[in-house]
Amino acid sequence: MSVPARIDLHTHSTASDGTLAPADLVRAAADAGLDVVALTDHDTTAGWSPAVAALPPGLTLVRGAEISCRWSGAEPAIPLHLLAYLFDPAEPHLAAELARVRRAREERGERIVRLLQADGVPVSWTEILTGAGGGTVGRPHIAQALIRAGLVATTTEAFGPDWLGERYRLPKDDIEVFRAVALVRAAGGVPVFAHPKASRRGRIVPDELIADLATAGLAGLEADHEDHDPAERAHVRGLAADLGLLVTGSSDFHGTHKTVRLGAHTTGPEAYERIVALARGVTPVASS
């Protein structure tokens, strides 16, 4: 078996908050010279089928999701994300939790829009839903509405403290992280902690929690990520080595919602092969 050379295990499509449709995303991945790409939309598998149908020759698709989680060991609870790879999408317990989180995300979005409207900000929930195109609605869709209204220039500005980063930020009912790890494992999937030490995003969890998650079934840590500085990447690698966890690197590509390009950070073949070997849900889809 030939070993894949360029592997990007964290991308988003219009099924959640990316700007490329799943079919366009896999074509863009091939154009970027990737051998393997993972589609990991937030809390949904809706993009899997169209991505498989459009898979270009020579590209392998890893089907996954980025699951919205929380750790209640701090007050308030700290939000975090698990990348879940190659799980069975029909497993009823995980499917039900993902559906619940999607509903909570949409309800939060509508509450944020009402807060903005109460302050005289000209945004429309109907317009935001239309912009999401049936995908899981998230704050990036609200950010785009703020850009269209001329109130901010970029998504980064929209996520600043005057807007969605603080003033108009509301919590949502995510999955407790130990339950999420257990659900992913029960569905035959492989859970990897996304950008675990990205302090520029806000509060981060302690190393002790990551050790406990490793005992509970966490398989890996995402080290090479745009939001990790060099010291954070090195720390994640050291922690993974201490805990026997695999290490991934990924672009976290969102299309024009972010400046990072497909393949900007990649995963080594050994880590990829470990993920495939651990998976019991679905298998990677290779196009000849």
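**Residues 7-71.** I looked up the secondary structure over residues 7-71 and found 25% helix and 32% strand, with the end C-alpha atoms 29 Å apart. Helices (H or I, at least four residues) and strands (E, at least two) are DSSP runs, numbered from the N terminus. The unreviewed UniProt entry places "domain: Polymerase/histidinol phosphatase N-terminal" at residues 7-71; UniProt positions follow the numbering used here, feature names are shortened, and annotations may be inferred rather than shown by experiment.

**Basis.** I am working with a predicted model, where local features need pLDDT of at least 70 and side-chain atom pairs count only at pLDDT 80 or more, while totals for chains, interfaces and linings use all residues. Residues are numbered from 1 along each chain as its sequence is written, and side-chain values use heavy atoms, with hydrogens and water left out.

**Domains.** I noted domain 1 as 7-99 + 172-287 and domain 2 as 109-168; the bounds come from an automatic or database domain assignment. The C-alpha centres of domain 1 and domain 2 lie 25 Å apart. The contact (heavy atoms within 4.5 Å) takes 7 residues from domain 1 and 7 residues from domain 2.

**Area between the domains.** I read about 540 Å² buried between domain 1 and domain 2, with carbon and sulfur atoms giving 51%. Buried area is the accessible area (1.4 Å probe) that two parts lose on being put together, summed over both. On the domain 1 side, Ser16, Asp17 and His257 lose the most area to domain 2, together 65% of what that side buries.

**Polar terms between the domains.** I counted 0 salt bridges between domain 1 and domain 2, a salt bridge being a side-chain nitrogen of Lys or Arg within 4 Å of a carboxyl oxygen of Asp or Glu. The side of domain 1 that touches domain 2 divides into 1 nonpolar, 5 polar and 1 charged residue. Here Ala, Val, Leu, Ile, Met, Phe, Trp, Tyr, Cys and Pro count as nonpolar, Asp, Glu, Lys and Arg as charged, and the others, Gly among them, as polar.

**Salt bridges.** The structure holds 14 salt bridges. I checked Arg27 with Asp24, where the closest N and O atoms are 2.8 Å apart. Arg27 and Asp24 are separated by about one helical turn, because they are 3 residues apart in helix α1 (residues 22-31).

**Backbone.** I found a cis peptide bond from Glu75 to Pro76, with omega near -5°. Pro76 lies in the loop between β3 (60-71) and β4 (78-85). His195, a residue other than glycine, has a positive phi, near 30°. I placed His195 in the loop between β6 (190-193) and α8 (207-216).
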